[in-house]
Amino acid sequence: MDVEAAKLVGAGLAVIGLSGVGIGIGNIFASFISSVARNPAARATVFPFTMLGFALVEAVALYALLISFLILFG
Amino acid sequence: MSTEAHSPLSQFEVHTLVPIQIGSVDASFTNAAVFMVAAAASVLLFLSLGMAKRAMVPGRWQSLVELSYEFIANLVRDNVGKEGRRFFPFVFALFMFILFCNAIALVPYTFTVTSHIIVTFAFAAVVFVLVTLVGLFKHGLHFFSLFLPKGVPIALAPLLVPIEIISYLARPVSLALRLFANLTAGHTMLKVFGGFVVMLGLAGVAPLLVIVVLYGLETLIAFLQAYVFTILTCIYLNDALHLH
């Protein structure tokens, strides 16, 4: 296979990991919404943890994206 | 790394501005150094000029300074407890410096200091060494009980202790990599979409709108990653001070 073609395929494969991140972020916000719906008073205490969880999962997404970028442009 | 002018990664290249050579060490003043100095200076100006008046009823700027002080003070108090007061200056300096580095990098054509893994790893290494030393000085050899979670049957120790040691050693790596990857990937993404705008001509309005949204996300990330770095530092400090 041509190296350029292999690079494009590799970059595509590298971002498969984003599916897991999609599930993760969906899960975090689904839990946040259902917890706030059950107990609206808990919103202020739960929100920082939601954001922390979101940032941690988002970081995993960007690891995969970074590898893809490095393959494409590196 | 590619040296092509329009590569999305070319924004992260370090250029020497004032060559300085100390012995065999290359200590040149680079564009990275310029932006680090700029970040440190703007933190200093932000805090000292904001508090210059010391008004009883704070104005907008002073409120912002007080808000950032209280934000970190609460973070330290909630996560480390009373003993964390001593580490407040360190945590506050860390947070403000990372935040300002990230914020300055949001301005187009500036250099992203935190997009270099050596910079973020230096931050993480300082945190790691500090946390380990604090734990060792406070608890002595008892500190190593950190590697065996409480209430675990002793039969499981040979399995758990190596895992805990590896996870402890992985902390600085994950701390550094998270900040680095977020900033690098985010800024590369903006550049890639910027390329689409040029490529598509008139239809480039669509990616331009995406850039506006992404820019908002990047602003959020710039703050959030500084926050995550600080809160994890606090959590590690708490582990070392209170051992479980």
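Two residues are in contact here if their C-beta atoms, placed from the backbone, lie within 7 Å. Keep that cut-off at hand for the first stop. The model is predicted. Its scores are ipTM 0.73 and pTM 0.85.

**Stop 1: helix α3 of chain A**

Select residues 43-73 of chain A, which form helix α3. At 1.5 Å a residue, these 31 residues should span 45 Å, and the end C-alpha atoms lie 43 Å apart, so the two values agree. Now colour the buried residues of α3(A): A55(A), E58(A), A59(A), A61(A), L62(A), A64(A), L65(A), L66(A), S68(A) and F69(A). What do the buried residues of α3(A) pack against? In chain A, the partners are α1 (3-14) and α2 (18-38). In chain B, they are α5 and α6.

**Stop 2: where the chains meet**

Show both chains. Contacts join 12 residues of chain A to 15 residues of chain B. On the chain A side, 11 of the residues are nonpolar and 1 is polar, with no charged residues.

**Stop 3: helices α5 and α6 of chain B**

Select residues 157-200 of chain B for α5 and residues 205-242 for α6.

**Stop 4: helix α4 of chain B**

Move to residues 117-139 of chain B, helix α4. This helix has 23 residues. From first C-alpha to last, α4(B) reaches 32 Å, close to the 33 Å expected at 1.5 Å a residue. Which residues of α4(B) are buried? Pick out V119(B), T120(B), F123(B), A124(B), V127(B), F128(B), V131(B) and G135(B). An α-helix has 3.6 residues a turn, so residues three or four places apart point the same way. Keep that in mind while looking down the helix axis. The cover over the buried residues of α4(B) includes α3 (88-105), α5 and α6 of chain B. Step just past the end of α4(B) to G140(B), which takes a positive phi of about 65°.

**Stop 5: F35 of chain B**

Select F35(B), in helix α1 (residues 31-50) of chain B. Is F35(B) buried or partly exposed? F35(B) has 19 other C-beta atoms within 10 Å. A buried residue needs 20 or more, so F35(B) is partly exposed. Leaving out residues up to four places away in sequence, F35(B) touches I104(B), T110(B), F111(B) and V113(B). Then draw a distance from F35(B) to E66(B), 31 residues along the chain: their C-alpha atoms are separated by 25 Å.

**Stop 6: chain B as a whole**

Zoom out. Chain B holds 6 helices and 4 strands. From the N terminus on, the order is β-β-β-β-α-α-α-α-α-α. The C-alpha trace of chain B spans about 70 × 55 × 50 Å along its principal axes. Of its 244 residues, 26% count as buried. Among contacts in chain B with a separation of 6 or more, 61% join residues 24 or more positions apart.

**Last stop: confidence**

Colour chain B by pLDDT. The average is 88, and 97% of the residues score at least 70. Where in chain B is confidence lowest, and where is it highest? Strand β3 (residues 25-26) of chain B is lowest, at a mean of 81. Helix α3(B) is highest, at 94.

Conventions: Residues numbered from 1 in each chain as written. Chains lettered and ligands numbered in written order. Predicted model: local features only at pLDDT ≥ 70, side-chain atom pairs only at ≥ 80, totals over all residues. Nonpolar A, V, L, I, M, F, W, Y, C, P; charged D, E, K, R; others polar. Axes fitted to C-alpha atoms, helices over the stretch in contact; angles between N-to-C directions. Helix = DSSP H or I, 4+ residues; strand = E, 2+ residues; numbered from the N terminus. Expected span 1.5 Å × (residues − 1). Buried ≥ 20, exposed ≤ 12 C-beta atoms within 10 Å, placed from the backbone. pLDDT = per-residue confidence, 0-100.
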